[in-house]
Amino acid sequence: MMRMKMRKAVSALLLMMALGMGIASAQCPMNNTAFKPGEFLAYNLYYNWKFVWVKAGTASLSTVKSTYRGTPAYRSSLTTRGNSRTDKMFVLRDTLTSYCTLNMEPLYYRKGAHEGKRYNVDQVNYTYSGGRVHTHMSRRHTDGHVDRANKSFSSCVFDMLNIFMRARSFNTAGWKKGYTVGFNIVDGKDITPAKIVYYGKYYINGDDGKKYKTLRLSYMEKEKGKYKEIARFYVTDDSNHIPVRLDMYLRFGSAKAYITQMKGNRSPVKTY
C-alpha cells in the first residue's frame with residue numbers, strides 16, 4: 001500500500017501543470033503556447049520519514065519533437081528514480097512516455113512501474129472517428145498476464161502526461177480562489193474523474209537556489225464517490241507554467257518535490 005501510494009503521488013508530478021481544460025468535442029485539438037521541443041525539467045524528491053525529511057531520489061521530464069505511426073508528434077518522457085536509502089522503504093522506478101499530435105491530441109501512453117519485485121506496464125492507444133475518442137487499454141502484470149479494455153467516449157479523455165502537456169497552455173488570468181476544473185484520466189485499465197482547484201499566488205523557493213512567483217493548485221481524484229486531495233503543487237505564474245514544487249499527501253506520511261534544473265523553456269522565467 002505504501003509503495004502504491006508513493007508511486008501515485010510521484011505520478012502527480014505529471015499533473016503539476018494541469019491548469020484546467022474544457023471537456024468538449026472528442027478530438028480536442030488546442031494550440032501549444034507553453035513549451036517547445038528540447039525542454040528539460042529535473043527535481044529532487046524528499047520523503048518525511050518519522051518526522052525527518054530525507055532525500056528520496058530524483059525525477060526528470062523531457063520533451064522532443066518526433067513522429068508516431070507517421071504522424072508528427074511531441075514525445076514526452078518522465079522518469080523517477082529512488083536512491084539506495086529509500087529503496088529500503090519503497091522502490092521508485094517509473095518510466096512514462098506519451099505521444100500527442102502537434103495540436104495536443106493524445107496518441108499513445110505507456111507507463112512502466114517497478115515496485116519491488118513487481119513490474120506492471122500500462123498502455124493506451126487512442127484513435128478518433130465518428131466524433132468520438134476510442135481508447136485501447138492494456139495492463140501487463142509481472143507474471144505476464146494482460147488485462148485489456150476498449151472504451152469509447154464522446155468527450156475528451158487524457159492520460160497523465162498528455163494533461164501535463166496540454167494544460168500548460170491555458171490562460172489563467174482572472175482565476176479566483178476556489179476556481180475548479182474537472183477532467184477524466186485513462187490508464188491501462190480504466191477511467192478516473194479528477195479535478196484541480198486554484199488557491200492563489202505564492203512565492204516558492206526551488207532546490208536550484210532561486211525563488212519563483214507561482215500559482216498554487218490542488219489535484220484531486222474521485223475515490224469511492226468522494227474527491228480526495230492527492231497533491232498540492234506550485235507552477236510558475238507565466239506562460240510556461242513550469243512546476244517548481246509539489247507537496248504530496250500520503251497515508252503513511254508526506255513527500256515533496258523541488259525543481260533543480262530547467263532548460264530549453266519556451267519563454268524566460270522570472271526569479272526573485
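Me: How many bridges pair strand β6 with β7, and in which sense?
Reply: Strand β6 (residues 118-129) and β7 pair over nine bridges in the antiparallel sense. Strands pair if DSSP finds at least two bridges between them, and strands themselves are DSSP runs of E, at least two residues, numbered from the N terminus. This is a predicted model, in which local features need pLDDT of at least 70 and side-chain atom pairs count only at pLDDT 80 or more, while totals for chains, interfaces and linings use all residues. Residues are numbered from 1 along each chain as its sequence is written, and side-chain values use heavy atoms, with hydrogens and water left out.

Me: Which residue has a positive phi in the hairpin of β6 and β7?
Reply: Gly130, with phi near 60°; the hairpin has two residues between the strands. Ser129 has Arg132 in β7 as its bridge partner.

Me: And what does β7 do with β8?
Reply: β7 and strand β8 (residues 146-153) pair antiparallel over eight bridges. Their hairpin has five residues between the strands, and Gly144 in the turn has a positive phi of about 95°. Arg140 has Val146 in β8 as its bridge partner.

Me: What about β2 and β3?
Reply: Strand β2 (residues 52-68) and strand β3 (residues 71-82) are antiparallel, with 12 bridges. Thr67 stands opposite Pro72 in β3. Two residues lie between the strands in this hairpin, where Arg69 takes a positive phi near 50°.

Me: Switching to Arg216. Buried or exposed?
Reply: Arg216, in strand β11 (residues 211-223), is buried, that is, under 20% relative accessible area (1.4 Å probe, protein chains only).

Me: What does Arg216 touch, then?
Reply: Leaving aside neighbours within four places in sequence, its contacts (heavy atoms within 4.5 Å) include Tyr202, Arg232 and Phe233.

Me: Where is confidence lowest and highest?
Reply: Helix α1 (residues 2-11) is lowest, at a mean pLDDT of 51, and β7 (residues 132-140) is highest, at 95. A helix is a DSSP run of H or I, at least four residues; pLDDT is the predictor's confidence in each residue, from 0 to 100. The protein chain averages 86, and 85% of the residues score at least 70.

Me: Where does pLDDT stay under 50?
Reply: Over residues 16-25, for which the model has 47 contacts beyond four places in sequence. Where pLDDT is low, predicted coordinates should not be read in detail.

Notes
Buried < 20%, exposed > 50% of the residue type's maximum accessible area, 1.4 Å probe, protein only. Lys, Arg positive; Asp, Glu negative; His and termini not counted. Salt bridge = Lys/Arg side-chain N within 4 Å of Asp/Glu carboxyl O.
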